[in-house]
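Welcome! Here is a short briefing to read alongside the structure. Take a moment to look it over, then follow the points below.

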Amino acid sequence: MEHITLLLAIVVVTALVFDFTNGFHDTANAMATTISTGAMKPKTAVAMSAVLNLIGAFLSVEVAKTISGGIVNEDGIRTEVIFAALVGAILWNLLTWLLGLPSSSSHALFGGLIGAAVMSAGWSSINGGTVVTKVLLPAIAAPLVAGIAAMLATRLTYRINRNVTDPNQLKSTAKGYRAGQIASAGLVSLAHGTNDAQKTMGIITLALVTSGVLAPGSNPPMWVIVSAGVAIALGTYLGGWRIIRTMGKGLTDLQPPQGFAAQTSAATVILASSHLGFSLSTTQSCSGAVMGSGLGRKGGVVRWSTATRMFIAWGLTLPAAGLVGAGAEFLTKQGPWGIAVTAVILVGGSFAIWVASRRQPVDHTNVNDTDGDEPQGVVTTAIAAVQPPPIGVPASEPELISSIPASAPDDPARPPAKV
């Protein structure tokens, strides 16, 4: 570490700031469904997620190697390029957090890196094959695979329990699904730490390589692994409450069996991709799983207006972060004054977004509030119109059915109707 210059130190700190924003931006991936169904209290959920994120950071370095030596050619890439890339990623992360949109922190980072590298050294600096096979294709496949798996798992879950009618069995079943949901949420948190913390490890390693501190192709040093794990864990503990509200309440109304199916499906996809070195978006995997579980329950619907806004954000992430990264790199190429101006833009933009977020704060006390949610779309309204009428339920089980809509007659956690 004796070769670390002031600029490299600034880049490392900025990378850890990105890792921090990644943590609170993506807390919703693991804990939104657990919080929305009441399986865990909000603060307890984010604390557990933070610890498991930290543990997950030590499990693998395959994704880090994909980023540090795969997406861009290390030769000819200056340290300033890494700084410009991080500026684009951080500002896009904060903007989508303000809007409550679960966009991909991973794609924000990739977009910023690609835009800055192209501005610095041209298109030849990008390994197009790696971008396609390990970034773009997983971006398309991950939400589809996770969504289909969650939909099938949800249907299987309700089918298995369709004949359960005894109140005691129903209560035990509901408690079992909540316990399973907590376990699966922990698995998603572990997977998130394994996949997303490595992205920051890869960026810092790339910066160390471009500065001559490490040889090309090196694995992340231990201090990089530890610092990246701690940064993402701290961000996770703060909780991205705006995005948690969107994923937990904005996309669909989830019950414990659906939450369990969604989280288990997403965790499987994320862990498999980490093992293979695919740097997919955990946000897209988890969002796809949530939508799949919403479609998997009879009477369940997805709020397609919210989903459409989310899809648009996904599509804009790479190019938008790339443009900001390219603009930041244009400034850093001008010399020290350009680097200073870029830093001022990053700090000023981040502060402005934070001030805007204080106008309508969202935290653990109101994360499950639905006031102010957008109206249901045409598809949702049409589906709801053909659902069976509400059926009465015994008053003796209010805690069991408080979150269960009347449009789910086959819910295993639902007591029998009064006669």
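Let's begin at Glu-329, a buried residue with a relative accessible area of 0%. Its side chain meets that of Arg-78 in a salt bridge, at 2.4 Å from N to O. Keep in mind as you read that this is a predicted model.

**The salt bridges**

- Arg-78 sits in the loop between α3 (62-71) and α4, while Glu-329 belongs to helix α12 (residues 304-332), so their pairing ties together parts that are 251 residues apart in sequence.
- Together, Arg-78, Glu-80 and Glu-329 are linked in a network of salt bridges.
- Is Glu-80 buried or exposed? Glu-80 is buried, because its relative accessible area is 17%, under the 20% cut-off.
- Arg-78, by contrast, counts as partly exposed, with 29% relative accessibility.
- A search of the whole structure finds 2 salt bridges.

**The chain as a whole**

- The secondary structure comes to 15 helices and 0 strands.
- Of the 419 residues in the chain, 56% are buried.
- Taking contacts between residues at least 6 apart in sequence, 85% join residues at least 24 apart.

**Where α4 meets α5**

- Helix α4 (residues 79-99) and helix α5 (residues 105-121) have axes that come within 7 Å and cross at roughly 145°.
- The crossing of α4 past α5 is right-handed.
- On the α4 side, the contact residues include Val-81, Ile-82, Leu-86 and Trp-92; on the α5 side, they include Leu-109, Gly-112, Leu-113 and Ser-120.
- What kinds of residues make up the contact of α4 with α5? They divide into 12 nonpolar, 4 polar and no charged.

- Thr-157 lies in helix α6 (residues 128-160) and counts as buried at 11% relative accessibility.
- Leaving aside residues up to four places away in sequence, Thr-157 touches Tyr-177 and Pro-257.
- Ala-191 is part of helix α7 (residues 167-210), and at 0% relative accessibility Ala-191 counts as buried.
- Although Ala-191 and Ala-272 are 81 residues apart along the chain, their C-alpha atoms are separated by 9.2 Å.

Note on methods. Residues numbered from 1 in each chain as written. Predicted model: local features only at pLDDT ≥ 70, side-chain atom pairs only at ≥ 80, totals over all residues. Heavy atoms only, no water. Axes fitted to C-alpha atoms, helices over the stretch in contact; angles between N-to-C directions. Helix = DSSP H or I, 4+ residues; strand = E, 2+ residues; numbered from the N terminus. Left-handed = near helix turned anticlockwise from the far one by under 90°. Contact = heavy atoms within 4.5 Å. Nonpolar A, V, L, I, M, F, W, Y, C, P; charged D, E, K, R; others polar. Buried < 20%, exposed > 50% of the residue type's maximum accessible area, 1.4 Å probe, protein only. Salt bridge = Lys/Arg side-chain N within 4 Å of Asp/Glu carboxyl O.
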